[in-house]
Every structure is written in structure tokens, then in C-alpha cells.
Amino acid sequence: MNWKTFLALLARDAHVARRNFVPLLLQTFLQPMMFVFIFGRVMVSSGYMPAAYKSLLLPGIMAISMIFTGVWAVAMPLIAEFQFTHEIEDRLLAPIENHWLAIEKVVFGAVQAVVAGLAVIPAAWLLLRPGVELHLLSPLTFIGVTLLVALLSACGGLALGCSISQTQIGLMFSLVLTPMIFFGCTYYPWSALANFPILQKAVLINPLVYASEGLRGTLVPQFPHLPVLAVLLALVVFDSLLLALGLRQFRRKSVA
Amino acid sequence: MLAGIRTRDLRKVYTTPPPLAAGGSFLGAHRKSNQPAREIVALDGLSLDVTGGEIFGLLGPNGAGKSTTVGILTTRVRPTNGQAWIGDYDVWAQQVEVKRLIGVVAQRPNLDFSLTAREILLYHGAYFGLDSRTRSTRAAELLDRFKLSDRADQMVRGFSGGMMQRLSIARAMMHDPQVLFLDEPSAGLDPQTRLLLWEIIRECNQSGKTILLTTHNMEEADALCQRLAIIDHGRNIALGTPAELKASVPGGFLLRVRFGADSPDLFERLKTLSGVREVRVQTDADGENGVDVYADRGGPLVSEIANLAAASSVELSDVHISEPSLENLFLLHTGRSLRE
């Protein structure tokens, strides 16, 4: 392992992200903020949704933003660079084992996801106030959940980015990300699925469920949520699985 | 000591996965198919010894295995069998050490489109651990030498093919590698840029670098390389200096003669002409009958061939004379032109 090279790879990604800051910002926040505005503000103030929905919604939006940002930040460049522009070849020739380049991508994607997640809190609070009741009872647990969710998104991005072809990007969104978001307990707590017992069990294979429920359990514990310990455990398992799968796929892609 | 390049019995077989329509899976993570994958043999037991400090050329037609060889030597392609070394390092087993020693210019442009020309060089230097002062000095020098200084701070997306190629070579030289790989370096360059490139390659070599370049351009191979391997179908078919290789063609001159009709009798009699070393019967794709005559003289033979043809009542339809060249050598070994 060669730290100088690793840091230079990170610096390159940070430089490119700085250069694309505004489009990145719009891409990350526009959709979740519109969702927050319509469901948290319009629907609540017109009485179609109870006021408490504001607080319930916030962790879910945070989870969506984080997952979307991490997946996008890691998967999209990998798809383009491996299959179309071949830009990554120069970095594959850098004096470091190839898998460290994949890990660098994961680290960078996770940092972006953390930033996106943390930025949602004040942004949503500004859009929704008054009436958002956050109870951060255990900051350490919250940090732990946030980091694991960020890693989940970046590892997922690595696995997807090294597995799908350029022509399947549309399918990735419609077949993978969109169902994940809708069945990911983002707009409702897991307990709300009690009337659909089969679905309630089935959604447990969706890692986003643990992201939303974990953030709900640490930010708005007044609402029903899955036990935080179980959530942490599930996130660790999903992170490890996706990282292992992502690294395997990256290895296949990086050598002919 | 200068780092050389060695390969032993390199073999590479590509297996192409079945297409999506043939039952390939959506995610590609698990391929299940009853059809066996189609195998393409790119390299078939290639052994090379490139001495440290020489300009070595791999000459061959498209699909001969040149890029695969470069891919294996630069850690980007895993060999199916065989071994390769850069200096004392085994390419597959000691990748990081090898990557430190080599600079690579790929056949397709692969510049970092998110960066400016200068940044491409600076970050490349940073990947190799150069300190920031060395990085900026070297980047400025290389941009100047490759005549890119006036566009140094622009994004490379809008660069012409020639500029991208020059920048790719500058990038490969940024960390001062011992061994430089250039895969078809002058493809798509205008004659002026090609000459600049040749000059830079020679300079680079004089400063003690080993250079391996691939080309299907005989003039380039002849002008630039100290030694050449001619490869076809993943095999080494001839090896030596350009002069040795050209001298190994019987006689040196090649006359490609085409006749209106097939006449084995006439073909036999051609062999008796003075100066003719070898006569090979060729049938073109369009069914024309002809022979390749290897001889130690060119023009003066034509009238004698024409006389013989007239005596046999066979119409002479076409004659093409080639002076001693690597093209003739390739034809001698494969029966095909490098350009085909």
C-alpha cells in the first residue's frame, strides 16, 4: 500500500468534484428538496398529512440523498471510464495495487454521501420549519449509522458501476434504484407495512430499509423503528457483501 | 543497469461472453449459458528478449497480437500462459514494482477528460509520488517540448487527435520511466507531428530508456527501431535489425506478377531466369493468377518475364516491383501484405 499514491488519487477526485460543484449540488439536492417541499410543506399545511409527518420524512429523505449520492458518485464515473473514455487506465497504471483504486473510489463516494446526508438536515429543516422535532439521543450511534449508510451507498456504487454496461444505466435506475427507494421505508416507517405481512418480510432484503430505519431510530426515535442494534448489524453485513462483490467485479474489469 | 523486457511462451486466449440476447445475465455477475464462450487466440507462444536501452519494434498487421503483448507487459492483460518480466520483475506477480518502471501510451486516447492538460501531467506525477516542485517543473518542460504550452490550461476535451497523442506521450514520460511502451504511436498523426514524435523517441532512447513500440507502418519500423520482431497470429515470425530482416528476403527485390491465365509451365520456367531466387504461386482473392518472384534485381527482369509470357501465349496483366523492404519480408513469411 502506497499512501502517497492513494492520497493523490483522492486529491484528483476531490479536484474534479470541486470543479463540478454546482451541477453536483443540483443533482444531489433538487429532487429530495422538491419532495420535502411538496410532502412536508404543501401536503401538511393543506391538512392532507399530519404535522408529525415532517419529522418522520426527514430521515428517509436523508437516506435517499445519501444512497443516491454515493451510488452516483462511484458508479457513473466507473461505467463511463471503463467502457467509454478509458480515462481510468492512467490510474490503473499508478504504482499501487489495483484494488486500492476501487477502495479510493469507495472512500471518496462515502465522503460525498456523508456530506450530502448532513446537508439534508439543515436544508430540510429550513424548508419545513416549524414543526421538525429531532431528538439526537446518542450522537455516537447516529455517526455510526451515518458512516455505515455512506459506505453502503459507495460499495453499492462500486458493485453496480463494475457490473452493468453503459446501455443499462436506464435499467439501473428503473429496476434497481427506484424500487429500492419505494420499498426502502423512506417515506414511511417499516411498521407501516404491518398490514402487508409478506411485503414487510420481503423488504428486509433491501439495504435501504436499514438506512432509513437506522437514521429514523437515531434522529426521530419518537416514531416506531427497527431496533438500532439490528440495523447496525444488517448495515455491516450489507456493506461487507457489497464491498466484496464490488472488489471482485472491479478486478474483473481492470484486467482483460 | 538498464531495464530490459523478456517474455517466455506468452499465450493469451480471450473468451468472449455470450451476448445478452443469447442468455447472458443482466448484471453480468453470474454468467450461465449452455453455449461455450467463443475463444480467440491472440498470442500463441510469444517469446521476446528486448535488451535494456534499445528501441524495439513489434511489427505486424492488425490483430497480430501487438496490443495484447503490450497489455500483458503493462499489467493490463492477464496472460493465459507464459511469463513476462520488466527488468528483474515478474510482470504479473510484482505489478506495483513493474508499474513504477514503465510509461505507457495506449493505442486509444485515454486522457483524463475532467482535467486540463497541465493537471493531467501534475496528477500523473502525484500518483508516482513526485514532490510538487518537481511536478510543476517537469510538467512545464514536457508541455513546452511537446508544443502544448499555449493550451496547457485548457480542458483536453477540445484537443485534436494529434494534441491528445502528444499529451499522452508527455504523460507517459512524466515520471521518468525506465521503459516506455508506445502502442501505435503515430497512428493518425500528420507527417510533421510524426517526425517530431520520432525525434522525441530517439532523444528519449539516447537518455538510456528502453522503448518498445508497435506499428503496422514499415517505414516507421525501419526508420526508428534498432531491432524488430515481426509478428502474425500471435507468433514471432522473424526477428533482427531492419537491415538483417530486409537482407533475409531471397534476392531482396519482389516482383508481383499477374497473368491472364494459369500456366504452371510458365511459372516453372520463370525460376530459370538469371537472378531469380524464389517463385511462389499466388492466387488473389479475385481469382487472378500470379506469382511472387523474389530476385536480386527488379526492373531489368520485367522484359524477360514478358518475353517468357509471350512465348507461352499467356497475357501479362500486371507487374509490381518492390525494392528490398520489410513488406517483402512479411509477404515472404505469410503470403499476405501488411496492409491487408
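Helices (H or I, at least four residues) and strands (E, at least two) are DSSP runs, numbered from the N terminus. The model is predicted, with local features requiring pLDDT of at least 70 and side-chain atom pairs counting only at pLDDT 80 or more, while totals for chains, interfaces and linings use all residues. Residues are numbered from 1 along each chain as its sequence is written, chains are lettered from A and ligands numbered from 1 in the order in which they are written, and side-chain values use heavy atoms, with hydrogens and water left out.

S6(B) pairs in the parallel sense with strand S7 of chain B (residues 179-183) over four bridges; pairing requires that DSSP finds at least two bridges between two strands. Leu182(B) in S7(B) is the bridge partner of Val105(B).

Chain B as a whole contains eleven helices and 14 strands. Its C-alpha atoms fill a box of roughly 80 × 55 × 40 Å along the principal axes. Of the 340 residues in chain B, 52% are buried. Among contacts in chain B with a separation of 6 or more, 71% join residues 24 or more positions apart (contact: heavy atoms within 4.5 Å).

The contact between the chains involves 33 residues from chain A and 39 residues from chain B. About 3100 Å² is buried between chain A and chain B, with carbon and sulfur atoms giving 53%; buried area is the accessible area (1.4 Å probe) that two parts lose on being put together, summed over both. Asp90(A), Leu93(A) and Pro95(A) supply 21% of the area that chain A buries against chain B, more than any other three residues.

Six salt bridges are counted between chain A and chain B (a side-chain nitrogen of Lys or Arg within 4 Å of a carboxyl oxygen of Asp or Glu). One of them links Arg19(A) to Glu119(B), with the closest N and O atoms 2.9 Å apart. On the side of chain A that touches chain B, the elements giving two or more residues are helices H1 (3-19), H4 (89-92) and H10 (228-254) of chain A. H1(A) gives the most, with nine residues.

Terms used:
Buried < 20%, exposed > 50% of the residue type's maximum accessible area, 1.4 Å probe, protein only.
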